[in-house]
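Trainee: I have a model open and would like to learn how to read it. Can you take me through it step by step?

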Amino acid sequence: MNGSAVRIVVDLNRCQGYGQCVFLAPGVFELHGEEALMYDPGPEEAQRLPVVRAAAACPVQAIRVESPDGRA
Amino acid sequence: MSPAKGVFSADGHVVVVGASLAGLRAAEALRKGGFRGRLTLVGDEPYEPYDRPPLSKQVLSGRVAPESTALPQDSGLDVEWRLGAGAVGLDLAGKRVRLADGQDVSFDRLLIATGTRARPWPNPTEAALDGVITLRGRDDAVRLRGELAAGPRRVLVIGAGFTGSEIASACRSLGLAVTVTERAATPLAGALGGTIGAVAARLQRENGVDLRCGVSVTSLEGDDAGHVRRAHLDDGTTLEIDVAVVALGAQRNTEWLRGSGLGAGPRGVACDAGCRVFDMYGIVTDDVFAAGDVARSPHPLFGFEFLALEHWSNAIEQAEVAAHNMLHAESERRPYLHVPTFWSFQFGVGIKSVGVPPLGEEVVIVQGSTDERRFVAVYGHAGRTVAAVTFDQGKWLEFYLDQIERAAPFPPQYRNVAQPEVRQVLPAEFPDPVVPTEGPMIVRTGHSPTERAWTLLPARGGRA
């Protein structure tokens, strides 16, 4: 087990680089160039709300968020 | 005898061997599909399933800790984890899997999802030198990251497939000097062909990679302390290096099935389009299924060619089909019709693909331009569109997916946004399949069942 409070995976086949997640959770998601999305798959607890918002705002719904404790 | 559906769903025991992306997604799909019985996941690594793509990108660049790549999983999955001791044998008649710690696990139905591992450097003495590394798992990423953080004079990446190219990209983002060697004429030749591979070559060189194609590394040399310091190439040159990353593609984890009676070997575990595994006589088994990198199955869209796909989306979608078919009777089973897709991020460019580029003999740029590194390339085989590859133009791929599924004519007849003035159909320049190249990602592993032909491949590795 790892200690991450939040777990994220992005379906990068689906991602089209709209970048909404980058605006909503800049500490977690970043774009390298136009469509190369790099993200932290296990950010800290403080990022939970921004990440949940980013996942909800993704135009192609490519972000999956879950917590080991079942929240999110 | 297989238990009846209702009984199996309530009381059966499913064992999934392989606790990575395919194994985890299959477990989730089994539960979502109503399976309430025992579910055991066997994994050789001591970790719960984690995502591999970040290991060659944001983990190497230091942005993300290797241990924070654990995959999200459904809460209440109710799985018995058997981690840290992989499967070493299968007793098909007795329906038991033997684990590395000597214990047996019995099953009613089995899913084989053991995936692949990195192909090691062929010389074991050289492979054991400090600083000689392959990258497949989390522990590998920890080691490589440590080597890169130590500020090596030069990193050598052997093999310019996707993994090797992404590692080179991470090295450049860290400001490290990096040399990439590749036996083929261009990077990514096995996956995209030499014509599009030439675009990837320019991308690497513009980003400061010392790219050397058409050469092989003949030996690695260590210092007195056993750390790699030099690489010798077959063109007579010697490189002074402190790290050698061996990125020579993948090998399928099927050794544990040797002697089991299943149709499994170095090319993967053969299964039907419903993920049901063939035994060694080509007869479909009732209770053994396969999914992910290790599985090879006939694809109806591509002439029933047996394909083994080393792709992220393949692991997920094939796992879901396998799980569905494990829970359903014959008349309700689903075929695996997924059109392959993949992505790679390197040097700030997104490379994406749909279909099977290596089936294509010809390629045409239909949108954008290779000079600007923003384009769509369409691949054709026998007058049909079989694949599309984009550089920073991934938004168009859905359209081309549809074209591939409809077997649209090649070269494409329609007009496009940002269409080049002249559409030139070029040879795709895939290497001869008999000549091994690094990381093709899609492996055409067999002939059509409707075509009773055998091809004898020349023996490798010095066998007469």
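Predicted model: local features only at pLDDT ≥ 70, side-chain atom pairs only at ≥ 80, totals over all residues.

Trainee: How do I read the size of an interface?

Mentor: It is often given as the accessible area lost when the parts come together. Here, chain A and chain B bury about 2600 Å² between them. Carbon and sulfur atoms account for 50% of that area. The contact uses 30 residues of chain A and 33 residues of chain B.

Trainee: Which residues of chain A lose the most area to chain B?

Mentor: Arg7(A), Asn13(A) and Glu35(A) do. Together they make up 24% of what that side buries.

Trainee: How many salt bridges cross the interface?

Mentor: The rule finds four between chain A and chain B. Glu34(A) and Arg374(B) form a salt bridge through their side chains, at 2.3 Å from N to O. There are also 16 residue pairs in polar contact between the chains.

Trainee: What about the nonpolar cores?

Mentor: A core joins buried nonpolar residues through side-chain atoms within 4.5 Å. The largest one has 65 residues. Helix α6 of chain B, residues 189–206, gives the most to this core, with seven residues. Ile196(B) is among the residues with the most contacts inside it. Its partners include Val363(B), Phe375(B) and Phe391(B). Another core, of 55 residues, lies apart and includes Ile8(A) and Trp343(B).

How values were computed
Residues numbered from 1 in each chain as written. Chains lettered and ligands numbered in written order. Heavy atoms only, no water. Buried < 20%, exposed > 50% of the residue type's maximum accessible area, 1.4 Å probe, protein only. Helix = DSSP H or I, 4+ residues; strand = E, 2+ residues; numbered from the N terminus. Contact = heavy atoms within 4.5 Å. Buried area = accessible area lost by both parts, 1.4 Å probe. Polar contact = N/O pair within 3.5 Å; in protein donor to acceptor, adjacent residues only side chain to side chain. Lists of a residue's contacts leave out its neighbours within four places in sequence.
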